[in-house]
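The following exercises ask the student to read a protein structure step by step. Each task is followed by a worked solution.

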Amino acid sequence: MDRFEDGVATVTINRPGKLNSFNEQMRRDFADVWSELRADASVGAIVLASAGDRAFSTGLDVTERADGNDSPWVRLDDPWGETEDPGRQLGPKSNEVWKPVIAAVRGMCAGGAFYWIGECDLVLATPGSTFFDPHVTYGMVAALEPISLSYRMPYAEVVRMAVMGLHERMSAETARSCGLVNEVVDDGVLLDRAHHLAARIATQPRAAVEGTVKALWRSRDLGREQAMAGALLYTQVGNPIGATGLDRAAAKVKDWELR
């Protein structure tokens, strides 16, 4: 993890030799990292990147997954009785991190990678990036990741990805058109663009930004009336905190900053 003076922290998924797949150790590491970032007042926004060029992440590292009944992920004797989610606590929202997180996707983004993508606030991708869910091709039910994606994408696109498995990969441009990706940017400027957006976010009052992210995220499982009632509480509580010491003239966005 790297911290910068402009209030941005960069977290890198760093197992390029394993296509940045995650294992139990990485799950514990991410829980620790998110806890640290949540408490760090110097950080206003986060970039989630990956090492190497081939993959952002291909999900769970199946090479470390036991095939017998001692598997931490699946119970062959009672598959409907399993209670452990292999991606639990990987994502920022699962760890109650309300600082905006921008994912910088390069290469393959597949399967369990959507634990991260589904909980990021902005997603950038390079033109050659691809998105797919291989679970059904391997005879596994695709459930956790597609359900998470259904909050970012239309159902028709989610179910297509889920049932096509390895037979189809969504392009970066298609991902952008259906809302999974916010921007498609050249490979050479991917991290710079992600950092640029994060730095702009970090210049704003932290309580206002984090309150906005939390209010929007928490509203997604509520009906409209409940969500609007809850939103009023965020504005009443958050505005005085966010406005403390705010110089509105100095905070005015300059024309050049809009690019």
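**Exercise 1. The nonpolar core**

Task: State how many residues the largest nonpolar core has, and which residues have the most contacts inside it.

Solution. A nonpolar core is a set of buried Ala, Val, Leu, Ile, Met, Phe, Trp, Tyr and Cys residues joined through side-chain atoms within 4.5 Å. Buried means under 20% relative accessible area, exposed over 50%, and partly exposed in between, with a 1.4 Å probe and protein chains only. The largest such core has 39 residues, and Phe-131 and Leu-180 have the most contacts inside it.

Next, consider the contributing elements. Helices (H or I, at least four residues) and strands (E, at least two) are DSSP runs, numbered from the N terminus. Two or more residues each come from strand S2 (8–13), helix H1 (24–39), strand S3 (45–50), S5, helix H2 (114–117), strand S7 (122–125), helix H4 (155–164) and H5. Helix H1 gives the most, with five residues. As for S2, five of its six residues are buried, so this strand is largely enclosed by the rest of the structure.

The basis of these values should be kept in mind: this is a predicted model, in which local features need pLDDT of at least 70 and side-chain atom pairs count only at pLDDT 80 or more, while totals for chains, interfaces and linings use all residues. Residues are numbered from 1 along each chain as its sequence is written, and side-chain values use heavy atoms, with hydrogens and water left out.

**Exercise 2. Strand pairing**

Task: Determine in which sense S2 pairs with S3, and describe how S1 is joined to S2.

Solution. Two strands pair if DSSP finds at least two bridges between them. Strands S2 and S3 are parallel and share six bridges; Thr-12 has Ala-49 in S3 as its bridge partner. Strand S1 (residues 2–3) runs antiparallel to S2, and two bridges join them. Within this pair, Arg-3 stands opposite Ala-9 in S2. The two strands S1 and S2 form a hairpin with four residues between them, and Gly-7 in the turn has a positive phi of about 85°.

Now turn to another sheet. Four strands form an open sheet of mixed pairing, in the order S4-S6-S8-S9. Its edge strands, S4 and strand S9 (170–171), each pair on one side only. Between S4 and S6 the pairing is parallel, over two bridges, and Ala-55 stands opposite Met-108 in S6.

**Exercise 3. Salt bridges**

Task: State how many salt bridges the structure holds, and locate the partners of three of them.

Solution. A salt bridge is a side-chain nitrogen of Lys or Arg within 4 Å of a carboxyl oxygen of Asp or Glu. The structure holds nine.

1. Arg-218 and Glu-96 meet at 3.6 Å, N to O. Arg-218 lies in helix H7 (residues 206–219) and Glu-96 in the loop between strand S4 (55–57) and strand S5 (101–105), so the pair ties together parts that are 122 residues apart in sequence. Arg-218 is partly exposed at 38% relative accessible area, and Glu-96 is partly exposed at 42%.
2. Arg-106 pairs with Asp-187, the closest N and O atoms being 2.7 Å apart. Arg-106 is in the loop between S5 and strand S6 (108–110), and Asp-187 is in the loop between strand S10 (183–184) and helix H6 (190–202), so parts 81 residues apart in sequence are tied together. Arg-106 is buried at 12% relative accessibility, whereas Asp-187 is partly exposed at 39%.
3. Glu-173 and Arg-176 form a salt bridge at 3.2 Å, N to O. Both lie in helix H5 (residues 172–177), three residues apart, about one turn of the helix.

**Exercise 4. Cysteines**

Task: Count the disulfides and state whether Cys-109 is buried or exposed.

Solution. A disulfide is a covalent bond between the sulfur atoms of two cysteines. The criterion applied here is a pair of cysteine sulfur atoms within 2.5 Å. By this rule the count is zero. Cys-109 is in no disulfide, since the nearest cysteine sulfur, that of Cys-120, is 9.4 Å away. Cys-109 is buried, with a relative accessible area of 0%, and Cys-120 is also buried, at 4%.
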